[in-house]
Amino acid sequence: MSKTNYVLVVDTNKHPLSPCKPGVARSLLKAGKAAVFRRYPFTIILKKEVEGDILKSQIKIDPGSKTTGLALVQNGVVIWAAELQHRGQLIKQSLDNRRSLRRNRRNRKTRYRQPRFLNRVKSKPKGWLAPSLMHRVENVSTWVNKLIKFSAVDSVMMELVRFDTQKMTNPDVSGVQYQQGELTGYEVREYLLEKFDRTCVYCQAKNVPLEVEHIQPKSKGGSNRISNLTLACRPCNQSKGNQDIQDFLSGKPSLLKRILNQAKQPLKDGAAVNSTRWKLKESLELTGLPVFTGNGALTKYNRCRLGLPKTHWLDAASVGEIDNLVIATHQPLLIKSFGFGSRQMCRTDKYGFPTRHCSRQKVHFGFTTGDIVKADIPKGKYAGKYTARVTVRSTGSFAIKSLTHGKQIDVNHKYCKAIHKLDGYGYGFGELININPTKLNPVETQIVKGRTAANPTQLNLFDSSIFAVESSESKIHKKQKVKGDDYEQLSLF
Ligand SMILES: [Zn+2]
């Protein structure tokens, strides 16, 4: 049985309520007790007022540079999930394009604006972020605000830093898991990955499973201190064996010198601190809800412990200190940021020559490009019903992409009915993920805990199965991306 996101519910005064199961929403709609309020995220509006205590949920966020995972968690149950794709790279690209066009025109002695010189990064106020980075912050807070509007939320939890250096040097800071050492292993590993740039120090291999390696072998008195640890791929690790690093790299003195130097230097504080995430935290605090934070190593520890596949939304659900998770949804909503288009009226070719004119008007016959419409074509070659994103034309003949015909078809505006007005985002649904319920059994967790408890002093650093580096996008996610490109695909629940 496939499980989809819960349906968000507001009462007749548009006060957010606790989300309900899709089946419940369906029967409410059928009985006429509710109406569809919003298509994305799917929200229904009840026809009566609701008073009294409402069960609240927590918004959990795993901020990423390209994709941010979002999850609504209610008493340990993940009821709603989404993956939000940013357009930071596109923003940078279009700013770069604009800059090069203007520069080009100046050289051609075309009348154009003078270059400005008072807009350098140095002259920006403190805390300024580049537009592409600021976009990520604003994108996430837009969605957090949306969720607060449509569902009862009492707090926000986000991943703030990759690892907690304080907890790593002081294993007895807090928590049983830290004292037992297993979680410390995760912190150490994340730290090393950051320090050595996710690369094998001996052969510079990237995107391969990396193992934690002792520079001075343990059998020869090497310690478990951070300054004695490095990362190596499996072949390098095995060929080094328990040799001393001086012998192993006797033919490569420059590499040896570099590794020893790098190992001694502690990671700069700045490396673990991401200014965008701090900015995001600041902007989330403006919602007035309490904002809790977790770190990346803890997220990964939770996800591995609960046997969950690596996806952005499950990462989001695993943020922070949690005991167990029940995954009540198996399919995230995919949200892709498109923006609201360009105001540029004179479009140019790639050399900066004006080639076409764009009208100032964006709304034609009540529709805008990007609206999601239901089209019912009564006659002709393409007669039938369609639901798709529309591209408007001033003539009134709009274009929609038909999945059944596999191509773009024309439809007159009078056959269209908007079901979701342009809001700057495109929507789709992610891959259904099969989560093995036995893995979520708390007994499993106890076994893991028991194993560490029996051997509390040993750092579980060298279990390559746990510590193999996952490439940034796992197979599951790749599949999802392919599917995610098709934002025309729509369904109700
Ligand atoms: Zn290697």
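A residue is called buried if 20 or more other C-beta atoms, placed from the backbone, lie within 10 Å of its own. Strand β8 spans residues 210-214, and five of its five residues are buried. Helices (H or I, at least four residues) and strands (E, at least two) are DSSP runs, numbered from the N terminus.

Strand β8 pairs with strand β9 (residues 229-233) in the antiparallel sense over five bridges. Two strands count as paired if DSSP finds at least two bridges between them. Opposite Leu 210 stands Cys 233 in β9.

## The model as a whole

The structure is a predicted model: local features need pLDDT of at least 70, side-chain atom pairs count only at pLDDT 80 or more, and totals for chains, interfaces and linings use all residues. Residues are numbered from 1 along each chain as its sequence is written.

The protein has 16 helices and 20 strands. Of its 493 residues, 31% count as buried.

## An open sheet of five strands

Another part of the protein holds an open sheet of five strands in the order β18-β17-β16-β15-β19, with antiparallel pairing. Strands β18 (407-412) and β19 (416-420) stand at the edges, each with a single partner strand, so one side of each is left without a neighbour in the sheet.

Within this sheet, strand β16 (residues 384-391) pairs with strand β17 (residues 397-402) over two bridges in the antiparallel sense. The bridge partner of Thr 391 is Ala 399 in β17.

## Helix α3

Helix α3 (residues 131-150) has 20 residues and reaches 28 Å from its first C-alpha to its last, close to the 28 Å expected. The expected span is 1.5 Å times one less than the number of residues. Among the buried residues of α3 are Leu 133, Trp 143 and Phe 150.

## Nonpolar cores

A nonpolar core is a set of buried Ala, Val, Leu, Ile, Met, Phe, Trp, Tyr and Cys residues joined through C-beta atoms within 7 Å. The largest such core has 48 residues, and Leu 70 and Trp 313 are among those with the most contacts inside it. Two residues are in contact if their C-beta atoms, placed from the backbone, lie within 7 Å. Not counting residues up to four places away in sequence, Leu 70 touches several residues, including Trp 143 and Trp 313.

A second, separate core of 14 residues includes Phe 196, Val 212, Leu 231 and Cys 236.

Technical notes:
A residue is buried if 20 or more other C-beta atoms lie within 10 Å of its own, exposed if 12 or fewer, and partly exposed in between; C-beta atoms are placed from the backbone.
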